[in-house]
Amino acid sequence: MVAPPDNDVLWARSLHYSHSGSPGLIGVSVGVRHGEVLAVTGPRGSGKTTLLRCLSGQLVPEQGEVWFNSVPVHTMGAVARERLRRDRFGWIGPEPGLLPELKVWENAALPLLLSGASHRAAKRAACEWLDRLDIGGFARKRPGALTRAEAQRVALARALVGEPSVIFADEPTAPLHRAEQATLLRTLTTAARSHEITVLLATHDERTAEVADRRVALLDGRPATSAGRAADSAPPKGAGADTDADAQPGTDTDTDAGTAALGLPDEAEGQGACSLSA
């Protein structure tokens, strides 16, 4: 086992992963520096989602190593990896994944509420991010009252609310129009740089990738530089599918525990940061 470089907050070596026997990642290595915005590019089915899910601890690679701040993620148990995702990572995917029974601010505050923060502190932090995303006025509404673009901004607020060390953004702009994409990306990158958050941005869109400091390209589950050399032995087209179109890992928080356990109030609090009109 080789320790990662000191300046890499995330580091992976020789990752292999398969989906029901079909290769998803084949010998992928990557290092991400603190505060860097790294774009993972490639067409659909190239391995982008699988790589992000391995790096975030959602999947355990069949071979290879994943390190976060010199801690081996690939050797962690399920509980430790879940805690890492909840406390240190944020996730935003192509679908907002909001809980319809919760208000907008509650959805945004969910990572903090699940980690045991007080309602007042969680609400204040959530509303600060909602205001920065120009959707503070929707704080007391339900997700059903939002447009797709507005719901995706709530999902971004949820990813940012705990000020994580790393945000994994898996095709976050895919469902949005061009102007809405620009707004979401501008907010994500501005927040990342001002709070020194590392971002891994998976995208097949060239304009989206332009916001990154650096790029890593994948093709058929391999680094793009080696995929061409391995073309003769590569699996059939589509065999390395990374479930870009189908996988919806949702948030890093474990919402399956049920919202009742959160003790969320039926009515908005009389005090706190969200003194917003309904």
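His-74 is found in the loop between strand 5 and helix 2 (78–88); helices (H or I, at least four residues) and strands (E, at least two) are DSSP runs, numbered from the N terminus. The model is predicted, and local features need pLDDT of at least 70, side-chain atom pairs count only at pLDDT 80 or more, and totals for chains, interfaces and linings use all residues. Residues are numbered from 1 along each chain as its sequence is written, and side-chain values use heavy atoms, with hydrogens and water left out.

His-74 has a relative accessible area of 17% and is therefore buried (under 20%; exposed is over 50% and partly exposed in between, with a 1.4 Å probe and protein chains only). Its C-alpha atom is separated by 8.1 Å from that of Gly-64, 10 residues apart along the chain.

Four strands form an open sheet in the order 2-1-4-5, with antiparallel pairing. Strand 2 (22–33) and strand 5 (71–72) are the edge strands, each pairing on one side only. Two strands pair if DSSP finds at least two bridges between them. Strand 1 (residues 8–19) and strand 4 (residues 63–68) are joined in the antiparallel sense over 5 bridges, and Leu-10 has Phe-68 of strand 4 as its bridge partner.

Another element is helix 4 (residues 119–132), which holds Glu-128. With a relative accessible area of 40%, Glu-128 is partly exposed.
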